[in-house]
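Here is a short report on one protein structure. Take a look at the model, then read on.

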Amino acid sequence: MNKKKTIFILFITILLSFLLGGLVYILFLKKTKENPKESSFDSHSEIYWQRLQNRPEVLKGPGYPSDLRDFLETIRGKESYLWNGDREETYRYLLQEFPDERGNVLYAVYVAFMNWKDKSLEIESSPSLSQYEKLTAVNRLKEEIFPKFLNDLIFPKHPTSPPMILLSFLEDYIQRNPYSYARERKRIFLRKKETLYQQEKWDIQSWESPSFYRQVVELLYEREMKEMSEEEKTFYRSSKIEELKSDFWN
């Protein structure tokens with residue numbers, strides 16, 4: 001009886017150990033998968049990627065590509081179409097074209113860039129997210145993966161970005177609040193615009209397209225314009241565009 005009891009206890013102990021080990025493994029795997037920074041390197045690039053966290057400015061040094069984003073996209077194309085997705089071939093190519101440390105550094109950046117690309121595609125293909133949520137998530141992913149200096153180097157700010165983000169924000173807000181009134185929509189729009197543009201608003205203003213303001217007015221005043229004739233809409237739209245500009249810039 002004691003022998004059977006001992007065997008049973010031993011069996012339960014082994015079973016619990018196995019289950020606990022499996023749980024720890026699953027949690028570890030989940031954590032690794034959800035941490036984009038930790039999945040932004042492989043065995044070739046880990047050391048150089050870790051070093052880049054503290055000295056990303058090395059990429060502005062002599063011998064490195066002047067347009068890093070264009071360079072990374074070019075390597076991505078070569079890997080896809082010339083080397084059939086063989087990452088080892090990419091590694092060998094970079095070491096050959098950029099001797100000494102440069103090849104390893106560029107490879108480390110490339111692996112992180114491709115990690116960002118893959119995760120961004122997952123976000124952008126999600127049917128449950130609005131366009132604004134996708135833009136926000138992709139931008140947050142950049143900040144999570146790349147040090148600020150490297151982020152700015154690969155993804156330099158452009159004045160056309162804030163208007164695009166602002167428009168997607170407004171579309172998202174109205175989709176979530178379809179019964180909101182024009183006054184409330186306009187207030188939300190102007191407040192978000194102030195937050196996005198900040199001290200760069202005079203530079204960004206020059207990149208605001210006529211179609212941008214046309215779309216904004218259509219969204220803000222969709223109720224009011226619903227019953228108007230085309231002639232009335234044209235006049236109303238023009239006056240509201242001037243009103244929006246005046247309210248924001250004065």
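Predicted model: local features only at pLDDT ≥ 70, side-chain atom pairs only at ≥ 80, totals over all residues.

## The largest pocket

Of its 33 lining residues, Asn139, Lys142, Lys157, Ser161 and Ile165 are the closest to the centre.

Which elements give two or more residues to the lining of the largest pocket? They are H5, helix H6 (131–145), helix H7 (148–154), helix H8 (161–176), helix H9 (182–197) and helix H10 (201–205). H6 gives the largest share, with ten residues. Domain 2 (37–156) and domain 3 (160–249) each supply at least three residues to the lining.

## Helices H3 and H5

Helix H3 (residues 68–81) packs against helix H5 (residues 101–124). Their axes are 10 Å apart, and the angle is about 80°. Angles of 65 to 115 degrees count as roughly perpendicular, so H3 is roughly perpendicular to H5.

Look at the side of H3 first. Leu68, Arg69, Phe71, Leu72, Glu73, Ile75, Arg76 and Glu79 make the contact there. From H5 come Leu106, Val109, Tyr110, Phe113, Met114, Trp116 and Lys117. How do the residues of this contact divide by class? Ten are nonpolar, five are charged and none is polar.

## Helices H9 and H11

H9 also meets helix H11 (residues 210–220). The two axes come within 9 Å and cross at roughly 145°. On H9, the residues are Ala182, Arg185, Lys186, Phe189, Lys193 and Tyr197. On H11, they are Phe212, Tyr213, Val216, Leu219 and Leu220. This contact has eight nonpolar residues, three charged ones and no polar ones.

## Lysine 192

Now pick out a single residue. Lysine 192 sits in helix H9. What does lysine 192 touch, leaving out residues up to four places away in sequence? The answer is Tyr132, Leu166 and Phe169.

Take leucine 166 as one case. In sequence, lysine 192 and leucine 166 are 26 residues apart. In space, their C-alpha atoms are 7.1 Å apart.

Key:
Residues numbered from 1 in each chain as written. Heavy atoms only, no water. Axes fitted to C-alpha atoms, helices over the stretch in contact; angles between N-to-C directions. Helix = DSSP H or I, 4+ residues; strand = E, 2+ residues; numbered from the N terminus. Parallel < 35°, antiparallel > 145°, perpendicular 65-115°, else oblique. Contact = heavy atoms within 4.5 Å. Nonpolar A, V, L, I, M, F, W, Y, C, P; charged D, E, K, R; others polar. 1 Å grid on protein atoms, 1.4 Å probe; cavity = no way out; pocket = protein on both sides within 12 Å on 5 of 7 lines; lining within 4 Å. Domains from an automatic or database assignment.
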